[in-house]
Amino acid sequence: TSRRKFIWIASAASVGVLSVPVLPKLYNSITGGQRVSPHPLNKDFPADIDLEFTASPDQVQLLNGSKTNIYTYQTRILKAENASVDKLPGSYLGPVIRVKRGQNVRVRFKNQLPRESVIHWHGLHIPQEMDGHPMYAIDKGGEFVYEFTVNNRPGTYWFHPHPDKFTGPQVYYGLAGLFIVEGDEKGLPDGEYDVPLVIQDRKIDADNQLVYLDGGRMARMQGFLGDRILVNGQPDWNLDVKKGTYRLRILNGSNSRIYKLAWSDGSDIVAIGTDGGLLEKPVTRPYLMLSPGERIEIWKDFSSQNDGEEVQLKSLPFETGSPMGGGGMMGGMMGGGQQQTPNGTAFDLASFHVTSQTGVQKELPAAFAKHKTLSPSDAVNANNPRSFHFSFERMQWVINGETFEMMGVADWEKVKLNTTEVWEFINGGGSRGMGRMGNMMQMPHPVHLHGLQFRIIDRDVSGMNASVWESVKDGFVDQGWQDTFLLMPGMKVQAVMKFEDFTGIFVYHCHNLEHEDMGMMRNYEVIA
Ligand code: C2O
Ligand code: CU
């Protein structure tokens, strides 16, 4: 059947559906004057952690031969009280910031990149001005001082650039780090047993240089797909592990590739945390879907493994039902061989080498702390949720028919402070009689909201292609707090969220970074 789909795509292209020259125009337009002046240093801010990040081009020895040009956050630690700021071992990514809830963080961001940039603290609940909205981007040579109090649950968050239209390339070239809020839970693996994995796909040319979007317009539409996996910025990542228990904090830091995570030894995956921290209790799945921007924490006990055994974390094939790929089986075809492996096979992400050393073994807790409840019955619109169609219209990726406007907020994007709402996200359909076209051009969209964590309350798959659903259905963990989730073609997801503490403008968007850069992003505004 995949072969038949491929032929269908070819014929769609030949009738000109995919060849309208809209994208280059979108790509060339520059932000223009809609910027807000940068936040200066506040001497009275009681920083516990005080850092300087200089984003700049650099080079790294990634492979034998030529060094690879990358971007990196050069980091200087001015103060880190009861916190740590470390490089990811051997990596140009990072740093990994570990803080506690309630601590005050200052980051003096200096931009030495060739163009504007801004840092988004993905998942953190902080004010508009600190959140990294594109309107706060600073030009080369500029400085912006982030100062905020950490008030998120303990969990694995991250940070990356967010300038309008250029998030994809800046993340691609290496700007991404982890922001871990540490808790005081007992009984969890820690120290060397607490291991972050940032998974990204890249394409590297014969001279060891990163290649971004060499596939023309079509590649932009589907999003970048690399042919090589880097973990923590390193090719062929592997780790010697002891016979003990590990907590793996996994971030999908890829631009557009979705992974279907599974263990090579056939064991189930035990998830203990999602974007917004620990679950109430562990969840066991044969595999896990992880879309760009999402984090999942998994529990892995290597103690009963054999000496010298290699255990791989891999990505299994799945269907997207889309002519556009997006990490599934079709991605390889449309990407002109960009997929890591041929159609329909699994590929390795990371390899764990089990040594003969005995490590600390822990027992999987039956439960973690209870979550505070956020119930749809508290919502002001539970029976009439706001709906957001993520679809394709007028040769563009759109949300309810619209693309990003720097300051633009529609009536349907205004919410009241201190209210709870249900939002419904629909992949497909359309707002302007373009529904059919919209449905033909479906792709998975990882949906991300800034400024808060929400709970998924419903995943309606009645509009999905049955074999697509069949290939992903056991991979969702909807029992925890999320700031990003995978919205598959035809899927309808309801989430409940509370707008609290901060008024202001925050973005929500597709975290396929090419879709985001092409405008699949909008503002919502929290009004007093
Ligand atoms: Cu990680 Cu607005 O994104
Ligand atoms: Cu998308």
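Visitor: Which residues does Leu 288 touch, not counting residues up to four places away in sequence?

Guide: Leu 288 touches Leu 261, Ile 269, Ala 271, Ile 296, Gly 475 and Val 477. Here a touch, or contact, is when the C-beta atoms of two residues, placed from the backbone, lie within 7 Å. One thing to keep in mind: this is a predicted model, where local features need pLDDT of at least 70 and side-chain atom pairs count only at pLDDT 80 or more, while totals for chains, interfaces and linings use all residues. Residues are numbered from 1 along each chain as its sequence is written, and chains are lettered from A and ligands numbered from 1 in the order in which they are written.

Visitor: What makes a set of residues a nonpolar core?

Guide: The members are buried Ala, Val, Leu, Ile, Met, Phe, Trp, Tyr and Cys residues, joined through C-beta atoms within 7 Å. The largest nonpolar core here has 123 residues, and Leu 288 is one of those that touch the most other members, along with Ile 199, Val 231, Ala 271 and Leu 487. In soluble globular proteins, nonpolar side chains tend to be buried together.

Visitor: Why is Asn 232 called buried?

Guide: Count the neighbours! A residue is buried if 20 or more other C-beta atoms lie within 10 Å of its own, exposed if 12 or fewer, and partly exposed in between. Asn 232 has 25 other C-beta atoms within 10 Å, so it is buried. You'll find Asn 232 in the loop between strand 11 (228-231) and strand 12 (234-235), and its phi is near 50°, a positive value in a residue other than glycine.

Visitor: What makes Ile 527 count as exposed?

Guide: Ile 527 has 12 C-beta neighbours inside 10 Å, and the rule says 12 or fewer, so it counts as exposed. Ile 527 lies in strand 32 (residues 521-527) and touches Lys 414, Lys 416, Leu 417 and Thr 503, leaving out residues up to four places away in sequence.

Visitor: Why does Ser 377 count as exposed?

Guide: Ser 377 has 8 C-beta neighbours inside 10 Å, so it counts as exposed. Ser 377 is in the loop between strand 21 (347-358) and strand 22 (386-393).

Visitor: What makes a stretch a strand or a helix?

Guide: Both are DSSP runs, numbered from the N terminus: helices are H or I with at least four residues, strands are E with at least two.

Visitor: How many bridges join strand 31 (residues 504-510) and strand 32?

Guide: Six, in the antiparallel sense. Two strands pair if DSSP finds at least two bridges between them, so these two qualify. Val 507 has Asn 523, in strand 32, as its bridge partner.

Visitor: In which sense do strand 1 (residues 49-60) and strand 5 (residues 104-111) pair?

Guide: They pair in the parallel sense, over seven bridges. In this pairing, Ala 55 stands opposite Asn 111 in strand 5. Both strands are in an open sheet of four, ordered 2-1-5-7.

Visitor: Where are the domains?

Guide: Domain 1 is 49-182, domain 2 is 191-358 and domain 3 is 376-527; the bounds come from an automatic or database domain assignment.

Visitor: How many residues of domain 1 are in contact with domain 3?

Guide: 16 residues of domain 1 are in contact with 19 residues of domain 3. Helix 3 (residues 167-172) gives the most to the domain 1 side, with three residues.
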